[in-house]
Amino acid sequence: MSINVNIDKIMGNFYLKTKFDADIGITAIFGPSGAGKSTLVNLIAGLMKPNKGYIKIFNELVFDSEQKINVPVNKRGIGFVFQDARLFPHMKVEANLKYSSRFGRRGQLGAFSEIVEVLNLEGILNRLPENLSGGEKQRVAMGRALLSNPKILILDEPLASLDEGLKSEVIPYLEFLRDNFNLPILYISHSQSEVARLSDKIVVLEKGSILEQGKTLEILSSFSVAKKLGLRDLSSFIEATVYNHAPDGITELDFAGSKLFLPMIDTPLGRKVSLRILAKDITLAIDKPQKISALNILKGEVVEIILGSGPGAVIGIKVGNHKLITRITQRSLNAMDLKLGKTCFAFLKSVSVATSDIIV
Amino acid sequence: MELSPQEIDAIFLSIKVSIWSVVFSLLPAVYIAYVLSRKNFWGRQALNVIVHIPLILPPVVTGYFLLILFSRTGLIGRFLDTYFGITVAFHWFGAVLAAAIMSFPLMVRAFRLGFESVDPKLEVAAYSLGANRFMIFLTITLPLVIPALITGAVLGFAKSMGEFGATITFVSNIPGQTQTVPSAIFEFLQLPGNNFMTIRLVCLSLLISIVALYISEVLASRLSSREHRE
């Protein structure tokens with residue numbers, strides 16, 4: 001593992017206690033606001049000092065309370081991309097990108113020209129930050145962090161201040177970063193769709209403690225996490241490929257061998273998109289329904305039944321090799337006589353998938 | 001319309017005193033403004049109050065304190081006289097001291113506003129990119145605060161040009177030696193038949209202030225545009 005974190009921090013009434021590892025690729029630090037995500041990141045970066053514990057980056061201790069090691073921020077080799085970009089307003093883009101080279105931080109991840117090329121910054125090198133769009137600012141911030149020759153990268157809600165259009169402009173760059181640089185990346189976010197789209201691993205924080213960690217899609221659609229974060233948000237995260245834009249404004253997608261029909265998604269054919277489908281939006285039926293307004297009817301098999309303490313139940317339906325989750329009442333469960341292994345049909349209204357839940 | 005030697009002396013002395021006053025206050029004022037805006041330490045409020053005292057005290061009282069401390073028999077004055085042979089009371093350099101003390105709070109206030117307008121998050125970003133504290137100050141904080149430094153320096157210059165109460169109490173009003181423009185105006189007002197000279201000096205000090213302000217504006221805009229070109 002390239003990052004090992006095991007730290008405690010007490011701040012007034014707030015007690016942060018975390019132990020996790022991260023490796024090359026994106027590890028999401030996920031949780032509602034106030035869960036301690038920013039505190040955790042500040043501790044790892046060295047902007048705050050833990051009360052107890054250790055932080056190792058590629059087997060090198062950058063903090064250890066017992067051995068009294070505390071490497072200062074500028075020596076930790078952590079590349080930071082902040083939500084608000086934090087470009088230096090008195091320097092042009094080029095000077096911003098080259099800032100770290102003043103301190104001998106020559107990039108080993110790529111030469112200046114390479115980073116400029118992959119992030120598509122040629123055209124804006126001579127501009128001042130005040131003349132950049134939000135998406136451009138984030139790309140410059142990414143370039144600046146990459147050029148500081150970091151051992152790890154911390155992205156602190158890099159998309160949170162961008163609107164939907166700009167988000168989908170920046171996401172391909174984040175994916176490129178993930179796939180082409182051998183870097184461990186900690187991605188801080190409170191957006192389930194973003195995290196589902198970008199990360200392989202997730203650490204779920206709640207009130208300063210780690211609630212759960214593991215594979216992102218499994219954790220996000222797990223009942224125990226949803227119970228803590230709010231059952232209303234319990235969702236399935238799936239990937240589907242766009243194969244047709246029909247003239248009536250419906251985009252047709254291929255999902256695990258079945259067809260999905262959604263309101264127009266503005267993206268080229270063949271593109272993979274991530275979808276978040278809320279469990280409460282999926283209805284179940286035993287027989288294939290006829291003459292029904294819901295466009296999406298997916299055949300699957302019941303693989304999970306979790307009874308809650310209230311009147312509800314969570315049902316996992318396997319469609320192809322994906323799992324869809326739905327919430328129904330226990331009364332319906334009994335009336336339909338659903339059992340593990342039973343075949344059923346899940347249907348979903350096209351319009352119930354919000355644009356913000358589709359990440360292109 | 002020829003200026004009398006006394007008037008010329010007063011004008012040059014005022015300019016000299018004001019320039020030195022700003023030169024001496026500049027670094028300490030920058031440092032104290034930075035500390036007050038960025039650091040949290042024990043005694044911060046006390047330091048803040050001490051810096052502002054000359055602003056609320058009657059200038060005559062400030063001048064009186066200076067006299068007590070710096071006259072040849074005063075606490076500091078005796079020390080300076082014995083070991084360095086320097087006397088500041090009734091000397092033009094005393095006028096510099098008085099002007100510097102009186103303009104110090106104004107400069108600190110202007111600089112502090114400047115430091116407070118620089119987002120500390122930018123400094124954190126620089127820190128994460130490898131800069132140490134000193135380089136952060138030099139490459140991020142200072143360039144962003146330069147317009148405020150110029151404003152503060154001009155404010156200090158103007159205040160020094162106009163300082164009267166503490167100066168006249170501390171170094172008196174000796175033509176050619178410690179007589180600044182305001183002291184000269186005061187003297188002319190005391191004697192009958194000097195209306196013309198009074199008005200002339202008033203107009204001149206007005207002119208000097210306007211020119212100083214204009215230069216500072218030009219300087220500030222040039223500096224910020226050069227910063228942008230880099």
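Me: How many Å apart do the C-alpha centres of domain 1 of chain A and domain 2 of chain A lie?
Reply: In this predicted model, local features need pLDDT of at least 70 and side-chain atom pairs count only at pLDDT 80 or more, whereas totals for chains, interfaces and linings use all residues. Residues are numbered from 1 along each chain as its sequence is written, with chains lettered from A and ligands numbered from 1 in the order in which they are written. The domain assignment (bounds from an automatic or database source) gives domain 1 as 3-220 and domain 2 as 235-359. The separation of their C-alpha centres is 34 Å.

Me: Which helix of chain A gives the largest share of the side of domain 1 that touches domain 2?
Reply: The contact (C-beta atoms, placed from the backbone, within 7 Å) takes ten residues from domain 1 of chain A and eight residues from domain 2 of chain A. Helices are DSSP runs of H or I with at least four residues, numbered from the N terminus. The largest share of the domain 1 side, five residues, comes from helix 6 of chain A.

Me: How many residues of chain B are in contact with chain A?
Reply: The predictor gives the complex an ipTM of 0.77 and a pTM of 0.77. Chain A brings 20 residues to the contact, and chain B's count is 17.

Key
Two residues are in contact if their C-beta atoms, placed from the backbone, lie within 7 Å. Helices (H or I, at least four residues) and strands (E, at least two) are DSSP runs, numbered from the N terminus.
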